[in-house]
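Please read them alongside the sequence and the coordinates.

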Amino acid sequence: MEKIRPVILCGGGGTRLWPLSNAVTPKQFLHLTGPRSMLAETLARVSDPAMFAPPLAVGAVRQEANLRAALPGVELLLEPVGRNSAPAIAAAALASAPDALLLVLPSDHHIGDVPAFHRALLAGREAALAGDIVTFGITPDHPATGYGYIRAGSGEGAVLEAEGFVEKPDLETARGYLAAGGYYWNAGIFLFRADTMLAALDEHAPDILGAVRAALRPDGHLDPDGFAACRAQSIDYAVMEKAGNVRLVPVSMGWSDVGDYRALHELGARADGNRIDGPVIAENVSYSLVRSEGPVIGVRGVSGLAVVATASSVLVTPLAEAGNIRALAEGAPEAGRLRLQAASRARVGDWLAGHVLRGWASRAFDTSSGGFVEALDMAGEPMPGLARRGRVAPRQLYAFANARRHGWDPDGAASAVIERALAFLDGPARSPKGGWAHGFAPNGAIADTRRDLYDHAFIALAGAEACGAGFPQGRALAQEAFETIDHLFADQTHGGWEDRETAPDIKRANPHMHLLEASIAWYEVSGEAGVRARMEEIAALFEHWMFDTRTGALLERFTPDWKHPADRRVEPGHCHEWAGLLYRVELLTGRDTASWRRRLVRFAEAQGVKDGLALDLVDLDGGPAVSGYRLWPQLERLRALLASAEIPSDPDAILADIERHYLEPGPRWGWVDALDAAQEPAVRQVPASMLYHLMTAFGPFLADRQ
C-alpha cells in the first residue's frame with residue numbers, strides 16, 4: 001500500500017486563545033486537550049508506520065527550537081515569514097517526490113475518534129492517487145458560525161463531489177445548512193499527490209507557485225527575501241474554491257479546531273458546566289471556563305464567562321464572545337503605548353512627522369562630501385567643521401527605516417535617506433582593517449580606523465530595521481555586522497564582548513545593551529535560533545554581572561573579567577533602557593525578566609529623578625551627581641514606565657514635561673538636547689544621534705497623527 005506522508009502545518013499563532021497562546025508559545029505547543037501538547041497529539045495520530053510515511057512539518061523559523069523539542073527526528077521545512085497556507089503547501093509539495101501521497105493537516109486541532117479519522121483517509125486514498133484533491137468534511141452537530149462549510153454533491157460510496165466552499169455563515173444561514181443537509185464543516189485537512197497540487201497551483205495561483213519555487217534553495221531551505229516576496233493566501237482561496245477535481249469525504253470523528261475558549265470549554269466541561277484548571281477558587285459559578293497559569297484566581301457569582309490568567313496577562317470575556325478577542329491579542333503589545341491619551345500621542349506624532357523628520361530628511365546626508373552630518377545648528381542647518389562619529393550613520397538609517405515602518409515616507413523622503421545610508425555603510429564607512437570605521441573627518445573621510453563594539457551594534461540594529469522596512473540590503477548588512485561582532489569582539493575567555501581597540505582595559509555594559517537591542521530587532525525580522533541564543537546570553541550577563549543586587553541599579557563599567565566594577569556611577573537612563581529591552585526579551589523568549597525590570601525602574605525613579613526629570617548620572621556611593629538633564633534619559637524613562645504598568649506613574653504628565661522642556665523650545669527641525677542644573681537649555685546644537693532615541697520613543701505615535 002502506498003503510504004501517506006503527513007504534512008503538519010505548524011505556523012498558526014492562535015490569537016483567539018490569548019493570553020495562553022502567544023508569540024512565544026502558540027496554541028499548537030500548549031497542553032489543552034490532554035497530557036501532551038496539541039502538536040504532539042497531532043503527530044501521534046499519524047505515526048502508525050504501516051499507514052504513514054515519515055512526516056514533514058512546516059513551521060516558522062522563529063519556532064525552530066520549539067518544533068525540534070516537540071517533534072524529535074521529524075523533518076522540518078521552516079518559513080522565514082508567515083505567508084498563509086497556500087505558500088506553505090506549495091513548499092511542501094515542491095520538497096516531496098512528485099508521486100508522494102501527502103496528507104496536509106493543521107497541528108492544533110483535536111480529533112477524539114482517531115480510528116474514524118484513519119478510516120476516512122483510507123476511503124479517500126484511491127481518489128487522491130487517481131489525481132483528485134480530497135478534503136474531509138466534518139459532519140455538523142450544531143449550526144456553527146465559526147467554521148467555513150463545504151457543500152456536497154453526488155458521488156459513489158464515501159467519496160462525494162465537492163460542489164462549493166462557503167464562508168462562515170450567520171446563525172440563520174447555518175441553521176438552514178443543517179436543515180437542508182449536505183453541508184459539512186471545513187476542517188482544513190487535504191489528501192493529494194504532490195504533483196496534483198502543483199498542477200492546481202500552476203493553474204490557479206501561478207504567482208504563488210513561482211515565488212515559492214524560486215525561494216526554495218537546493219539545500220531545502222527557503223530564501224528569506226524570496227519567500228517574503230510571495231503573496232500570502234490560504235489554500236482555500238488559492239486552489240480549493242477554483243479547482244474542478246476536489247472530492248469530499250464526510251466524517252464524524254469528534255473533531256474541534258479548538259478555535260476559541262468556548263470550544264475549549266466544550267471539550268472539557270464538567271457535569272456542572274464548568275471547566276476549571278489551575279489555582280482557582282470558584283463559588284457559585286456556572287457554565288464558565290476559569291484557568292490560571294500562575295496567580296490564584298477567585299471567581300464568585302458569575303455565569304458564562306471565560307477567565308484566563310497567565311503570569312503577565314488576564315482575559316475576561318463572555319464565553320459567547322470568546323471568538324472575538326483577536327483584536328485584544330493583537331493590541332496587547334501596544335498596551336503600554338495606549339496608556340497615553342490619544343490626543344497626546346497624536347500631538348507628538350504630528351511634531352515628529354512635520355517638524356523633525358521633514359527637516360532631517362533633507363539635511364541628514366552631506367551631499368557635498370558624503371557621509372552623515374554630526375549636528376544641526378540652532379537655525380536648523382548642518383554644522384560645518386565637526387568630526388563625525390561612526391555611530392551617526394547607522395542611527396540615521398535606523399531612524400528613517402523606523403519611520404518608514406510606521407508609515408512615514410512622503411514622496412520617498414525616508415527611502416532616500418535609507419538608500420544613502422546603506423550605500424555609505426557598504427562602502428565609504430568601511431574600515432581598511434575590516435568592519436566599520438570609528439570616526440570620520442568633517443569632509444567625510446575616515447579619520448579613525450579603529451573598530452568599536454557600540455558602533456557595530458548599531459550597524460546590526462540599523463540593518464535589521466532596514467530589512468523590516470522592505471530593503472533586502474538590510475538583511476545582508478545585519479548578518480555581516482553580527483558576524484563581524486562575533487569575530488572581532490567576542491571574549492572567549494570571560495564571556496561577552498570586548499572593545500580591544502577602543503576600550504581595551506574595561507568591559508562596558510552599554511555596547512552589550514545595544515547588541516541586545518540589535519539582536520531583538522533581528523530576531524523579530526528573521527527568527528533565527530542563533531539570535532535568540534545571543535539574546536539569552538546577554539540577558540544572563542546582565543543578571544550575573546551588570547545588575548547590582550544591593551541597590552537594583554545597572555553598573556556601567558567593569559574589569560575585563562567582569563568581576564569588579566571600574567566605578568559605581570550609574571546612568572538612570574540606561575536603567576530605564578535596559579528595563580524596556582528586558583521586557584521585549586520576555587515577550588519574545590518567555591524568559592522571566594519581571595523582577596529585574598521592576599528593580600531597575602524603581603531604582604531609577606527613586607535615585608535618578610529630580611524635579612520631575614531624569615538625571616544624567618548618579619553615584620551609588622553618595623558622591624555628587626552630574627546634575628544635567630539630557631533629553632534621551634527622559635525618553636527612555638517614558639518608554640520604561642509605559643511598559644511597567646505596576647510602577648505608579650503618570651505617563652501623560654511625563655510626556656507633557658518632555659514637550660515643555662525639550663520639544664516646544666527647540667530650534668527649527670530640532671529640539672533642546674540638554675538642560676543644565678537649573679533646567680535651562682545647555683547646548684547650542686542639535687545632535688544627529690538623538691533622532692534614534694526620538695524614534696524609539698515616539699515612532700509608534702506616527703500612526704496616531706490627526
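**Notes on selected residues and helix pairs**

1. Threonine 135 counts as buried because its relative accessibility is 0%, where buried means under 20% relative accessible area, exposed over 50% and partly exposed in between, computed with a 1.4 Å probe on protein chains only. The residue sits in strand β6, which spans residues 133-138; helices (H or I, at least four residues) and strands (E, at least two) are DSSP runs numbered from the N terminus. This is a predicted model, in which local features need pLDDT of at least 70 and side-chain atom pairs count only at pLDDT 80 or more, while totals for chains, interfaces and linings use all residues. Residues are numbered from 1 along each chain as its sequence is written, and side-chain values use heavy atoms, with hydrogens and water left out.

2. The surroundings of threonine 135 can be listed in some detail. Leaving aside residues up to four places away in sequence, threonine 135 touches Ile150, Phe165, Asn186, Ile189, Phe190, Met240, Val246, Arg247, Leu248 and Val249, contact meaning heavy atoms within 4.5 Å. The side chain of threonine 135 also reaches the backbone oxygen of isoleucine 189 at 3.4 Å.

3. With a relative accessibility of 2%, histidine 514 counts as buried. Its side chain is joined to that of glutamate 517 by a polar contact of 3.0 Å, a polar contact being a pair of N or O atoms within 3.5 Å, of which, within protein, one must be able to donate a hydrogen and the other to accept it, and for which residues adjacent in sequence count only if both atoms are side-chain atoms. Setting aside residues up to four places away in sequence, histidine 514 touches Tyr454, Ala457, Phe458, Glu577 and Tyr692.

4. How do helices α19 and α20 cross? The axes of α19 (residues 572-589) and α20 (residues 594-607) come within 9 Å and cross at roughly 160°, which means that α19 is roughly antiparallel to α20. Axes here are lines fitted to C-alpha atoms, for helices over the stretch in contact, and angles run from 0 to 180 degrees between N-to-C directions; angles under 35 degrees count as roughly parallel, over 145 as roughly antiparallel, 65 to 115 as roughly perpendicular and the rest as oblique. The α19 and α20 crossing is left-handed, a label used if the near helix is turned anticlockwise from the far one by less than a right angle, with right-handed used if clockwise. By class, the contact of α19 with α20 has 12 nonpolar, 1 polar and 3 charged residues, where Ala, Val, Leu, Ile, Met, Phe, Trp, Tyr, Cys and Pro count as nonpolar, Asp, Glu, Lys and Arg as charged, and the others, Gly among them, as polar.

5. On the α21 side the contact involves Leu631, Trp632, Leu635, Glu636, Leu638 and Arg639, which meet Met690, His693, Leu694, Thr696, Ala697 and Phe698 in α23. These residues divide into 8 nonpolar, 2 polar and 2 charged.

6. Some backbone geometry deserves a look. Most residues other than glycine have a negative phi, and most peptide bonds are trans. The peptide bond from tryptophan 18 to proline 19 is cis, with omega near 10°, and proline 19 lies in the loop between β1 (4-9) and α1 (38-44). Asparagine 284 has a positive phi near 55°; it is found in the loop between β13 (280-283) and β14 (289-292) and is exposed, with a relative accessible area of 65%. Aspartate 411, also not a glycine, has a positive phi of about 55°, lies in the loop between α13 (392-405) and α14 (413-425), and counts as exposed at 86% relative accessibility.

7. Two further loop residues complete the notes. Arginine 270, in the loop between α10 (261-268) and β12 (275-277), is partly exposed, with a relative accessible area of 46%. Threonine 559, in the loop between β25 (557-558) and β26 (569-570), counts as partly exposed at 25% relative accessibility and touches Lys507, His564 and Ala566, not counting residues up to four places away in sequence.
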